[in-house]
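Here's a quick briefing to read alongside the model. Have the sequence and the 3D view open as you go.

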Amino acid sequence: MTGTETIAKPPRTGGPRPGGGRLPLARLRDFALVPAILLLIVVGALIDPVFLSTANITNVLQQQTELALLVLAEAIILIAGKFDLSLESTIGLAPALAVALVIPAASNGLGTELPAGLAIVLCLLTGLAIGAFNGLLILRFKLSAFIVTLGMLIVLRGLQIGITGGQNLFDIPPSVLYLGSAVWLGVPASIWISGSLFVVGIVALGYFRHGRSVYAIGGNTDAARAAGIRTDRVVWVVLMIGGLLAALAGLLMTGRLGSVAAAQGDGMIFTVFAAAVIGGISLDGGKGTLFGALCGVVVLGLINNILTLAGVSAQWIQAIYGAIILVALILARLTSGKAQD
Amino acid sequence: MTSHEQTAGAAAGPPAAQARDVSKRYGATVALHSAGIAVQAGETHALVGRNGAGKSTLVSILTGLQRPDSGEIRFDGVAAPSLADRDAWRQRVACVYQKSTIIPTLTVAENLFLNRQAGRGVIDWRGLRRRAADLLAGYGVDVDPAALAGALTVEQRQLVEIARALSFGARFIILDEPTAQLDAAAIDRLFDRMRELQSTGVTFLFISHHLQEVYEVCQRVTVLRDARHILTEPVEALSRDELVAAMTGETGRALVAGATRPPVPATAPVVLDVRGLRLAGHYDGVDLTVRAGELVGLIGSGSSGKVALAETIAGLRRADAGTVTIAGNTPKPGQVPAALAAGLGYLPQDRHREGLVPLLSVAENATMPIAGRLGPAGIIAPARQQATAERMIRAYDIKTDGPHQPVSDLSGGNAQKVVLARALANDPKALVLVSPTAGVDVRSKASLLGAVDEAAAGGAGVLVVSDELDDLRSCDRVLVMFHGQVIRDVPRGWTDADLVSAVEGMEQP
């Protein structure tokens, strides 16, 4: 650092001098999962040669795109120091509502039969509206984010069942199916979409003032407010982006599966939190990177795939999967050295 | 240039900051009653007053965080900007609070330029670190801009916050008890830095509980008491006694304490014995003993470590070194049940946070520590619980509809009686009470202190940790803590001024 010598230096301050190795260490934390990913790839290749085939890798990635978008949404919300459990219901309700509004009543639609071209817009608007409503309850009425979004999780799930009569929707307009099933340049469109949104997120949170304000709010809201950041507005926008991303994830899932399941997204939120925390996102807010969160998603996807390829029986896979998540958390705790709450 | 010349030269222009006839109420509490302050450009002005005198309210009004109910604020003779215009406020005044306003998870550089890292465009991190390094170097702050702010020492954090304030263009800086968490050498360095900045035209408002420091760095001093402005004087025109008198009021009244109780014989057994207790950042090398039947006070400013010491005795904290012996037993450190089993009764500082479970009944709250004695094998016999609670309600004069009323319905004083009843429930040998009468009305105060006296008369050794002089009047002796050490052992017969000047760190005349 040049220029530090121009003014008489103050006496050495007490205690250990910070700086030096600290930042590289913090940076390193972002890449902590890269060796784990490499290790998993080696293990996968040893277990089954099919693992490294393009088809399998593409398949693994495509299956993870919806989870990845939810993790992207949750990671930003967690960094801002808030919570959103309702994402897992948004992923089902948003496409279900959009589809129900455009398909005929005979196919379990609502009978409004709006133009099919509107479906995608309706789906995304639904996600945005859910995020905005969460924001209203959390920020304007000062309710606990945890309980608000838990309530919303149940309400939204119930709405979906009410709207669809508890049925899966099969008569999906082709426009809705497109994003989740199209292949661009030999790679599924959903991988392009998720990948590029992560790039956008990483750049926005790493290199733009408004993105950094998300970290500032999660790290110390009062300090952020004192620095002139409109904290409520930023968090509100973050929650709306979260809803929007969850709705987009719903579109991708609908396209990939060809239908909107009545229980679409059910139970996903646990995996979302696991991926985010394994990826180094702090539940206290203000800490972690989207790259780390993405690594968390990839790790979970690889583990799932390897367990399947290794022929672990379907009855046991869930228990092992859960145990691995716990081990990963313990390792993250040991490497970061900080308590997680 | 001496400090005197600076003051004289600066007084010509309008004050750098001025509050006139400012009043502020919070509900029924009057926080400020047409109080005022005028800080001349280029001076270091002290703001002193006891807890609750209105200092914090005045600071939050001067920094634009609160709107006064009436009165006006001026900077350099110009009316203050509207509260919504944070940028304008930041260019006029900055405050370094005791509570950190940095974001620990971000780097020093980012903290310095928070929300102004870049305009609309991409952040140039390398450039940002360079700007931060230049800024820090410009003020001679030796901190790595790439370090995480959470890793800084208190001293470094303060310097970073001062540099940030100056970088906004503010030339008037409020330091809210900056020395509270610093050691002596760091305090000296901070004062050197303040004098340096003062010579470049920076104005300081310096808030401290340590009057010694006021004489060291300040040119003028303003005293607040009971929400009112008492005086503003050049420090050299004000003797220490006059300053303490202004803070406590009623100079003539020398209340002599504890006259009614018979002295405790030196042969009485020691029930609480603390030896060489140390907890980094709170206190160091504390020794104290309390004999059976003795009432010992412990007073000190907020940063003196007295509450941490009480919490260590109760097992809420674990000391780094030293021992706590309660009635001859040495309980396992850091464990509340062990301390209670050894014969300790403890009344925590904040009854809402640590003292009571608000939705549970008076009976359940009061009998919590003795639940094991209310029936066999962990069963709590309702009839015995009820009877015990009723006995306590009578003994401590708790105003309640009955043992089944939730404590959240009780008034502050009665809730505190429940906590005290609980602390005394297992007939403790040693009793540690932290701020026993905080937020309690006068009548409840008397009955609470009466119960404490009775406990001492019944043979318990009592340690009363409090800032309230009234709590300490019946004590046999009062220990004064300052910067983590017990610096004085004041026998019965002290006057208010004696004790306050000891607490504020003034050498004995």
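B:Thr44 sits opposite B:Phe204, which belongs to strand 8 of chain B. The strands here, like the helices, are DSSP runs numbered from the N terminus (E, at least two residues, for strands; H or I, at least four, for helices). Keep in mind that this is a predicted model, where local features need pLDDT of at least 70, side-chain atom pairs count only at pLDDT 80 or more, and totals for chains, interfaces and linings use all residues. Residues are numbered from 1 along each chain as its sequence is written, and chains are lettered from A and ligands numbered from 1 in the order in which they are written.

**The sheet in chain B**
- Strand 3 (residues 44-48) and strand 8 (residues 203-207) of chain B run parallel, paired over four bridges; a pair takes at least two DSSP bridges.
- Six strands of chain B make up an open, mixed sheet, ordered 6-7-8-3-9-10.
- Strand 6 (94-96) and strand 10 (228-234) of chain B are the edges: each has a single partner strand, so one side of each has no neighbour in the sheet.
- On average, neighbouring strands of this sheet are turned by 20° against each other, direction ignored.

**Helices across the sheet**
- Helix 2 (residues 55-62) of chain B lies across strands 3, 6, 7 (172-176), 8 and 9 (220-225), at about 150° to strand 7 of chain B.
- Helix 9 (residues 240-248) of chain B lies across strands 3, 9 and 10, at about 30° to strand 9 of chain B.
- Angles run from 0 to 180 degrees between N-to-C directions, with axes fitted to C-alpha atoms (for helices, over the stretch in contact).

**Chain A**
- Chain A has 14 helices and two strands.
- In chain A, 78% of contacts between residues at least 6 apart in sequence join residues at least 24 apart; a contact means C-beta atoms, placed from the backbone, within 7 Å.

Notes:
Contact = placed C-beta atoms within 7 Å.
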